[in-house]
Amino acid sequence: MSEQNKAANKATAPETILTGIKPTDHVHVGNYLGAIRPGLELVSQFRHSLLFIADYHALTTVQDPKELRDYTLSLAAAWIACGLDPKQTIIYRQSDVPEIFELAWVLSCVTPKGLLNRAHAYKAKLQENEAEGREDLDYGVSMGLFSYPVLMAADILLFNTDVVPVGEDQVQHVEIARDIAQKFNRIFGELIRLPKALVKTEKVVPGLDGRKMSKSYGNHIPLFLESKALRKLVMKIKTDSTPPEAPKNTKDSILFDLYKEFAAPAEIEALTARYANGVGWGEVKELLFQAIDRHFSESSRRYHELMGRPAEIEAILRDGAARARKLATPFMVNVRAAVRGGDRDTIAAHGARGKS
Ligand code: TRP
């Protein structure tokens with residue numbers, strides 16, 4: 001999109017976009033193509049954008065502090081290295097914004113338990129326990145897992161969010177956030193803006209074996225590998241045994257599917273022609289390796305530089321949290337006044353004192 005178009009878009013677009021990412025793993029090429037690249041394009045169209053690392057959501061599964069910190073810093077560094085501008089988009093660590101957790105409690109008091117009983121992730125756990133023949137269907141379910149959607153509602157509602165870009169699997173959570181907001185507004189007055197989910201049809205990126213790229217299949221290409229390791233992985237991509245001179249179809253070719261994400265239009269055209277005339281898989285792999293290596297050379301350098309200076313990432317996240325809290329503070333002053341009564345100005349003065 002041209003700069004001019006971007007500016008025009010910003011003027012008409014809804015105000016605030018917000019999304020959270022759980023730091024439960026290191027990112028791979030599938031995450032980059034499916035979430036990071038389209039996410040960066042999307043946030044550039046909004047006047048206000050917030051992106052946070054949902055570390056306390058991850059706490060439902062990641063309970064090794066070293067791991068949690070590593071994933072958190074790595075995820076933040078990856079987004080920044082790929083082009084997220086912390087001056088434009090407020091990037092923060094969820095646990096650095098205590099107002100989220102205060103709001104989560106207030107919201108939990110207007111959330112019918114039955115609403116959470118119907119949440120997909122919780123229901124899946126119950127079904128799993130049933131299938132395993134366990135007597136206790138709540139086996140392995142923490143309160144954190146059960147009330148996960150309430151915390152997510154607080155993440156979203158605290159910032160007057162208009163649009164929440166999410167994958168298919170998270171749409172129910174955004175709808176729950178809307179329900180909770182409406183319930184709150186009915187009881188305490190119209191205070192909370194109703195958010196909308198923006199469903200991203202996730203691009204299916206093939207992994208080394210042709211199945212969807214996923215860490216759980218072990219068929220992923222990690223982001224920011226050094227060239228030698230990247231080359232070795234690309235050489236492992238599954239191909240058939242057609243001889244080099246045989247004409248090949250660009251459809252159903254893992255190599256081609258990946259190549260077209262990273263190569264320039266002229267290069268894609270050139271490779272299409274080579275497929276038609278017959279080309280050796282080894283040669284295509286070499287081209288793919290070079291295209292990926294080139295695409296990430298700058299961001300990879302930036303990523304490793306940041307990871308070598310974690311204090312710098314922490315400082316960026318702390319700065320983001322301070323800006324997020326500036327937005328959250330007046331909002332929570334109103335929430336407190338709405339639920340516990342009292343003079344808003346007095347509460348505002350108190351809130352201002354309590355602010356760092
Ligand atoms: N639950 C989301 C996921 O697993 C992560 C998340 C937490 C989130 N809070 C959010 C996404 C708020 C959007 C908005 O992917």
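Predicted model: local features only at pLDDT ≥ 70, side-chain atom pairs only at ≥ 80, totals over all residues.

I started with the salt bridges: the count between domain 1 and domain 2 is 2.

The side chains of Lys203 and Glu261 form a salt bridge, with 3.2 Å from N to O. For the cut-off, I was using a Lys or Arg side-chain nitrogen within 4 Å of an Asp or Glu carboxyl oxygen.

Next I checked the domain bounds. Domain 1 covers 3–205 and domain 2 covers 225–295. Going by C-alpha atoms, I get 36 Å between the two domain centres.

Then the contacts: 6 residues on the domain 1 side touch 4 residues of domain 2. I also looked up the area, since interface size is often quoted as the accessible area lost when the parts come together. Here domain 1 and domain 2 bury about 420 Å² between them. Carbon and sulfur atoms account for 59% of that.

How many of the 6 residues of strand S1 are buried? I found 5 of them, so S1 (residues 16–21) is largely enclosed by the rest of the structure. I used under 20% relative accessible area as buried.

I then looked for the partner. S1 pairs with strand S2 (residues 48–53) in the parallel sense, over 6 bridges. Within that pairing, I noted Ile17 standing opposite Ser49 of S2.

Methods: Residues numbered from 1 in each chain as written. Heavy atoms only, no water. Buried < 20%, exposed > 50% of the residue type's maximum accessible area, 1.4 Å probe, protein only. Helix = DSSP H or I, 4+ residues; strand = E, 2+ residues; numbered from the N terminus. Pairing = 2+ DSSP bridges. Domains from an automatic or database assignment. Contact = heavy atoms within 4.5 Å. Buried area = accessible area lost by both parts, 1.4 Å probe.
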